[in-house]
Amino acid sequence: MDDNTGPSRRPTLGDRRKERIDALATAGTVVDEPGKSLLRSAWERLRRDPVFLVGAAITLVFVVLAIISPWIAPWDVTANPLIDKVRPQSNPVPGPEPGHLLGADDRGRDLFSRLLVGSRQTLVVGVFATLLGLLGGITLGALAGAIGGFVDTVVMRIVDVMLSFPALLLAFTIASLAREPSQWTLIIAIATTQVPIFARLLRGSMLAQRSSDHVLAARSLGVRPRAIVFRHMLPNAMGPVIVQATLSLATAIIEAAALSFLGLGNPDQRQPEWGQMLGLAQRYISEAPHLAFYPAGCIIVVALGFTLMGESLREALDPKSRR
Amino acid sequence: MLRFVVRRILQMCLVAFVLSMLIFVWLRSLPGGPVSAILGERQTPARRAALEAALGLDQPLHVQYLRFLERASQGKFGVSTKVLPGEDALQVFLDRLPATVELSLLALFLAIALGIPLGYMAARRHGSAVDTGAVIFSLVGVAVPVFFLAFLLKYFFAVEWNLLPVSGRQTTGLDATRVTGMFVLDGILTREWDASWDAFKHLILPAVALASIPFAVIFRITRASVLDVLDEDYVRTAEAKGLTARVVRGRHVLRNAMLPVVTTIGLQVGGLLAGAVLTESVFSYRGIGDALATAFREKDYAVLQVLILMGAVIFVLVNLLVDIAYALIDPRIRTR
Amino acid sequence: MSLRRNAATLTAAVLAAATLASCADSERSDDGGGEGGGGDGTFVFGAAGAPEMFDPFYATDGETFRVTRQMFEGLVGIEPGTAEVVPELATEWTPNDDGTEWTFTLRDDVTFHDGEAFNAEAVCYNFERMFDQNEAGQTAGEYWGYVMGAFSNDAENSLYQGCEATGEFEATVSISGPTSGFPTMLSLESLSMQSPKALEEGDANGIAAEGEGFSFPAYANAPVGTGPFTFGEYDEANGTISLARNDDYWGDAAQTSELVFRVIPDESTRRQELEAGSINGYDLPNPVDWAGLEEDGNSVEVRDPFNILYLGLNGEGNPALKDLNVRKALYHTLNRDQLVSTQLPEGAAVATQFMPDTVSGYNTELEPYAYDPEEAKRLLAEAGAEDLTLNFAYPTEVSRPYMPDPEKIYEALRTDLEAVGITVNVKTASWNGGYLDNVTAGKYDAYILGWTGDYDSPFNFVGTFFGNLKENDFGTEAYPWGKQLADDLKAADAVVDDAERGAAFETINQQIMDEYLPGLPISHSPPALVVGPGVEGVVPSPLTAEEFDSVSVGGE
């Protein structure tokens, strides 16, 4: 397993995934380069890239909706105005009617409002899972990249083992570990799967910078190591981190849906969340498939939006593809 | 080479040992447990205590673990309480393994058969509409949750259009001889073609759903890797030398581009296992994933333990095989 | 490499083409039954889970009993479609005066599947076999322990005291004291009669606790009974259990020659398989699907409710709940009519007491507590508990006949409670993952739980809830009336005369609801089962104990 230090260098466990992350780590880093900066040229490419524009548009709409939805939703998502129309056999899921664009869910709550407000919880799960993953990743990655030596070896060994474990199984394991499941279990479970990715990314980026001119300059000026890490190295590593974070948002939303499907979602179902709505809709799959299709469609579109944006960002930042 | 393999296997044993301890402690520190699953509403503290005592669950954790190690050294990994009560957990794993292997192989085959040619094509026409289309197709594949895709496939192909069976592994009442436990193979071995064909039809939908994960990855890696190789000097040289496109493609591009793809395929095994939990549940397909889900729901400690452990072992073994394959393909490594 | 790739693509193309071609003839080819009527054909039933093994004595769950019920019979049976006790292997039984010795007259025309004769000796062999269990067997033999209280090593505390063959076809069973449960409890699937020879040869009592489970003897996978079907095989890889018709059955021969149980854990998949025609029926269809299933030509058979869902309360953790008025206030907050009509299947009813109306001892005089939030607020204010906070819990990952979807029932109850200003802390755990432990350990102030009756006995309901003073989920020991209630229940249970006993339980039910109110009975909910077109003869049983020998599978 000591693939980096062993006498006969052999590609092993998880190498390819690591390589991808490492490539990204070096890609977006600002290398002391004269002339047009990488970021600016990337932006110019992106502006004309239809894939990026579509992805960004979806993301923008989603984020805006997530923020304003509680004010524009026609109904309170926890109220059940149509509960008296619900009859388990004859009318399990009340259909559309004036004032209720998509009808209600199985508890008489306005479906359209729940979908709308669901965007907020979904974003919360995605953002917090990514942020926590990033936080863990920064801690580990900065530790390894900045200190190096023994700490580096130990931390990266742990990270590699985590990377080699299938993400969903890892999340499943952690979510099922919780004594009292809540939305936070879900977030923490997903965040854990993101930690190794960010850690490796940051470490790679740090290593690439350690010998770069601006770091050397800062060091020779007597700037304290901690300040170098936080003021010079971390900000410069943000490019690839943003790319990865965008992609992580997509996987987080999909994984949240999968965990909800397996019954590990948020047990308090008052505040709607798409993954959870999809999970709950299973019971109505034969009689009211629309209950599943709406949240599933939303998840797919939003996940696609983040992925399209992330992938085109990645390509734009890749110096190799700039030719 | 041999030393390398031996060292890796020893490392694997160490990891498995540590993992077994972690899983053991973790499972037993969870609330509930097999006793709740057995007693249900009839549970009272006294009845619970009696059952726990009978099953040895009242002992301190380290005593339980030592007992487990003692039994494990005799090849006994604990008795299943719910998945297949009375059977040794390892036997449960071995019984279920062929089903998942059969499913994963077909899924992987589909992913490769579709991913590599498509990735190659997209790379050759980099920037064209074909490329963009293929990339978007693969990204959509990533964005659709596996279980939802499985559900859609089942809903349309099995229920609405009645083209393929809804669930299970083989039609009930079909008289088929069992040899390996992989039903398609069994049918071929015993020349019971109808059984083989029937089992194959049951495999198609879950395999397609399961293939969606590795497909997207294989496609993207192939595309990226072919793009890289096309840029390399030796390919340009070859082209400049006037070698025919076919020779360039076959001898230079594909061969070199395949290296990362092979590793990627190896890496997919873990993802397949995770995906199998989801697809097998949707299709009530009796494999490892289904057993894992049942064992988790019913708190079947012994089975959970063995399945997670074996999953890790398989994962490491496959990676070892991939590394060996890598060495065989890449002459630079082979010469050492 | 290039060549190999082409080969791969080619194979894929061929496979795809072949698949498409096959689509035409695959339609309906999976049809399990339908090979003409007239007592032939196969009835394929979709089971929700795999059976544990096949010896009913050690079994604990419904999926196992569903299979063994087709192969085994007890001395006492249940009239199909009811919860009433009727003769089965015994034609009649008479107690002595104090109800401690019961003489069973047996059928003389019965043989076990292995050809062994069924007689008084076989009956006593069975009783002794069940009574005489090793340590593992005592915990695995859940139901015996539950109804009889003890095994041979603790004979004094056992209800069962002995069995004697007083004639070739006459067996006398003695018990320690009269109870409403005997001989009704002999209709329990676990206490069925099994072939002495097969029990002996298969070392049936050789159960052992190994690791963390029980390892079962050979007999557990080769059961021999007297019923209308004999054991075929358990195809674990495919998840099917097949039984064959017993052609030498003493009663009317089964209507189908083969009975197959196919394990399909996912509920919506069971429905889809039924629609595809590859199974002929399944248990517990989702109430949402009932109408759709009927439209498609299936018949949904609704059973009479034989269960109770209640909101359990525990005063230990929340002293405010020890006040009867607070408990009554909580009861008045619940809009149970709305709950029953919007969340439970048709046929469900609001409960007035801790047992369904099919059980003797049901008090018809009792009226449900009215939905009256104002009264509730008044009572709460009176008790000084306006700012009551409840740790109220529900289980996840479970569906029971009395609560098809716990989360939805919980949400409805919670909304009602919050409407009168009660603060509800949402607590939850999965059924097997701590919920039941927390309930028995008294960790929740309030929780939802229920009970499905094992057999027709009032004590099986209220006795289970409040009869055991030391250990019950309601913590009745802490109440001044707790001991009185437990004693009253035991006294009522020991009454030999049916009518007198019924009256005694009616009084107790009245007291429980008016004076004690240890918990709040919510509703009774009818579980259903569904069979496909052409299937006839299914008699839904309130005990969910259907016998499939009367089922025939017609052509389409």
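Two residues are in contact if their C-beta atoms, placed from the backbone, lie within 7 Å. The exercises below apply to a predicted model.

**Exercise 1. The side of chain C that touches chain B**

Task: State how many residues of chain C are in contact with how many of chain B, which element of chain C gives the largest share, and how the residues divide by class.

Solution: 
1. Count the contacts under the 7 Å cut-off. On chain C there are 60 residues in contact with 67 residues of chain B.
2. Sort the side of chain C that touches chain B by class: 21 residues are nonpolar, 24 polar and 15 charged.

**Exercise 2. Strand S15 of chain C**

Task: Determine whether the residues of strand S15 (residues 307-313) of chain C are buried or exposed, and which of them point each way.

Solution: 
1. The cut-off for a buried residue is 20 or more other C-beta atoms within 10 Å of its own. By this criterion, seven of the seven residues of S15(C) are buried, and the strand is mostly covered.
2. In a regular strand, side chains alternate between the two faces of the sheet.

Task: Identify which strands pair with S15(C), in what sense, and over how many bridges.

Solution: 
1. With strand S19 (residues 446-452) of chain C, S15(C) pairs in the antiparallel sense over seven bridges. In this pairing C:Leu309 stands opposite C:Gly450.
2. With strand S20 (residues 519-524) of chain C, S15(C) also runs antiparallel, joined by four bridges. Here C:Tyr310 stands opposite C:Pro521.

**Exercise 3. Domains of chain C**

Task: List the domains of chain C and describe how domain 2 meets domain 3.

Solution: 
1. The division is domain 1 (72-221), domain 2 (229-303 + 529-553) and domain 3 (307-524).
2. Between the C-alpha centres of domain 2 and domain 3 of chain C the distance is 34 Å.
3. Six residues of domain 2 of chain C are in contact with six residues of domain 3 of chain C. On the domain 2 side, five of the residues are nonpolar, one is polar and none is charged.

Note on methods. Residues numbered from 1 in each chain as written. Chains lettered and ligands numbered in written order. Predicted model: local features only at pLDDT ≥ 70, side-chain atom pairs only at ≥ 80, totals over all residues. Helix = DSSP H or I, 4+ residues; strand = E, 2+ residues; numbered from the N terminus. Nonpolar A, V, L, I, M, F, W, Y, C, P; charged D, E, K, R; others polar. Buried ≥ 20, exposed ≤ 12 C-beta atoms within 10 Å, placed from the backbone. Pairing = 2+ DSSP bridges. Domains from an automatic or database assignment.
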